[in-house]
Amino acid sequence: MTRPRLIRDREPLARRDVFRARSRHGMEILVAPMPGFARTCAILASHFGSVDTRLPDGRTLPAGTAHFLEHEMFQKADGDVFTVYDARGAAGNAYTTWSNTAYVFTCSSDWERNLETLLGAVSRLEIDQDDVLRERRIIGQEIAMYDDDPSWRGYLHLLQALYVDHPVRQDIAGTASSIEGIDLDLLRGVHATWYAPRNLVLAVAGRVLPDRVLAVADACVHPGVRGARYRRVPAREPRGVRRREVRAVLPISRPTVWLGLKDVPPRPGRALVERQVLTGLVLETLFDDGGRIQSALYDEGVIDDSFHATYEAEGGVAHAVVSAEVDDVDAFRRRLTRHLRDAVTAGITEAEVERARRRALGGRLRMLNGPEPFARWLVAGALERVGLDAAVAALGRASARRVTRRLRELAARPRAWAIMEAPATALTGAHQVGPPPTGSPR
Amino acid sequence: MAQVAGPIVPVTREVAPGVRLHLLSTDRFTTALCRVVLHRDLGAEATATSLLALVLQSATGRHPTRRALAHALADLYGASLQVTVSKAGARQLLISTLEWPTLGVPDGRRRGGGRLARGLALLGEVLARPKRQAGRGSGPLDADLVRTEQVNLLRMLCSLADDKPRRAWVRCVEEACRGEPFALEALGRAKAVGAATPAVLAELHARLLATAPVDVFLVADVGIREAVAVVRKHLLWPGRAQLSVRPPVASAARPARARPRRVVEEDDVQQGQLVFAWRSPVRADAALLPAAAVLAGVFGGGTYSRLFQVVREKHALCYHADAQWIAAQGLLLAQVGVEPADEPRTRRLVQGLAREVASGRLDPVALDAYRAGVRAQVATLGDDRAAWLAWLQGRTTLGLDPDPVRWADAVDRVTPARVRRVGRNLRLEVSYALLPRGSVRRGP
């Protein structure tokens, strides 16, 4: 077996060094020493996320399996890992997304020991049936908590309208009934398959030494069960939407409207970053604060600060989402649709692209402001096979012509609306203060 | 003694009458951050002040539309601006924050000017030169702008109830602090929005700029002499009253009422929200404050705490459970989200754990973890500007020593006997429950 080697790379904006390596057992490693910072953050991520619904042996996984496993990983025979971190003044955390599951610690001292703990914890699943039963109740309360979150519910309704069969239609945590089908055997099978070293990515940023990170990784991560090399089985998903419009009544004070544009998922790597950057510039120029459509709707009194747009491309799905709390659902839909059509006709100007580019660069600079955001950025890039300078280079290549072409592509994609209505007793329409401004279209 | 890397205690100077500049000089960040905090009483003008925040954030005389102001921020490589209100004890804070890139962008580090000055100048413009009627330099604020933001404020106030855990928390505080300023929502009240006219806001704005105590927090790669000069030149406004005003201590601790109250309300929720408020007459500036913080930390400060370990980990009754000490009010607040049928059992468990900790029986694992957490937080405070600002703003608002190392040392010295002294006077004031409709048993 060859000795792992560190390769030095450089983040293009603040010119910070980033070291890459692969551990002896195949885990991808990225290390960013951050001189001047006292804190260290490490993130260990598996490619396994909520949209992975099958094991290689054909077994189907209930919705919420990746998230359930995330809850159980820090549970150990001699106590839980959170307690170990707490005792050292470190902080442990974990999260699950559609496409990956990540385990995190931040600390101010003793980072090597904390890294050993993290790698050791994720290498072995040490739970019994009682742990599974207990955690099922806790996760049940987490699901209930999100059921009371109108934003999350509105977003889920939109995903269920946009997608026909794709597992992204399911809540990441599953449902109270789906998690009943998750048992110890299943969790063991998932762990053995998707938590093998070659399916893991480790990013460490802060007060660290790259060669020590590599040494700790080599010492603590063993091949164990070999596991399959991770390859996401693309879900069969038609290009069209399941429903063009869904409506639901939620306990909210004002209606919320969600518009989704279902994109064709890009391949990981360069195509993905190009798409993300160009779509990001489209959304910035039109929907961000001061954007062309945002400004028009704001001046017309149709929207407020709840107006928001985002683009998500992850786990074999891609869509743009525009949402707002509004007083008048029909007026908002009509005007948003008209402004979008006008923008498609007129195109995006070079001045708009330049302004959006500056904002995007500022946003990227913020990611370098601490070990946590830097480590998150490194992990996201590794999971999606994106180079350190890819986004900045793509921003440099963006032009009004290319951004306009992306806008036209996106606007032509199948779309779905999710309308979350307020109960009849809500205070909708009660926001008038005095007469409307002169000349206001309201 | 707690160990730290790099400076975490600010250098403080009075740069104008009643205006204190707190500088954290550091080169580790790619962006500069400046926050201006204007102090005022939390009371009758709370709604007008929160409306003023929205108006200031939307436009200035020079950038008279929201779009124009957004473009100015974009030109600073995506500067982010937030003008908002918050509350601390009997105090309302009008808080304006700007963060903007200074490293990795053209002119980023040019001394005496460049992007640092441009950012401060824009923040000064937002604060001191609002958009007025007919583009004038004085007089009422722009009527159309005020009307738009009145509607937006009403919408915001209305939407607060959509966040059910937050709603439960706010209702418990209202009940626990009835008759005190702290019971008031920092954003104010819907019924007072209409009275905040352009003329009222202009007068309020002028008065605040002239007389309100002001704290300016700056995190940037700049020395104190240059910071004082650049803040005076670009950020500060003319017309400060010639008096040196220091904000009074915002603390308003008092003993609990004789009998605790139980409040149960219903809403369209899946999960029951339980919120508890206990009181102990420990003022923010009392020597017992570190002991009160330890009490709250061991009780519900993290995953090591008794609430988390017993209610969640042992009995699997909840997903989230936490507690905190509100120093300005001498309040211990705890919140747990549970299956509605488990509400009585959880309530008994939580109150039992509060009694356990208040009696000075401190779980050694939780105590060590809380102390270690405080030390770690102090050690890395200079890495995290949001945490640094929160710490410093909280301490200056309460008139407390801003040195976090001394705070960590004080926490280390807390003994069970000191916690018991706090706990001896800790009384449940309100037990609040927000439950699904139809789940509350009615009397005959």
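This is a predicted model: local features need pLDDT of at least 70, side-chain atom pairs count only at pLDDT 80 or more; totals for chains, interfaces and linings use all residues.
Student: What makes E7(A) and E8(A) a pair, and in which sense do they run?

Tutor: Two strands pair if at least two bridges are found between them, and E7(A) and E8(A) have six bridges in the antiparallel sense, so they count as paired. One of the bridges joins A:Gly92 to A:Phe105 in E8(A).

Student: How do you know that E4 and E8 of chain A pair?

Tutor: Strand E4 (residues 40–46) and strand E8 (residues 101–107) of chain A are antiparallel over seven bridges, and the cut-off is at least two, so this too is a pair. Within it, A:Cys41 stands opposite A:Thr106 of E8(A).

Student: Why are E1 and E7 of chain A said to stand at the edges?

Tutor: The open sheet of chain A has seven strands in the order E1-E2-E3-E9-E4-E8-E7, with mixed pairing. Strand E1 (7–10) and strand E7 (91–96) each have a single partner strand, so one side of each is left without a neighbour in the sheet. From one strand to the next, the twist averages 20°.

Student: Which helix lies across E4, E8 and E9 of chain A?

Tutor: Helix H3 (residues 111–123) of chain A does, running at about 160° to E8(A).

Terms used. Residues are numbered from 1 along each chain as its sequence is written. Chains are lettered from A and ligands numbered from 1 in the order in which they are written. Side-chain values use heavy atoms; hydrogens and water are left out. Helices (H or I, at least four residues) and strands (E, at least two) are DSSP runs, numbered from the N terminus. Axes are lines fitted to C-alpha atoms, for helices over the stretch in contact, and angles run from 0 to 180 degrees between N-to-C directions. Contact means heavy atoms within 4.5 Å.
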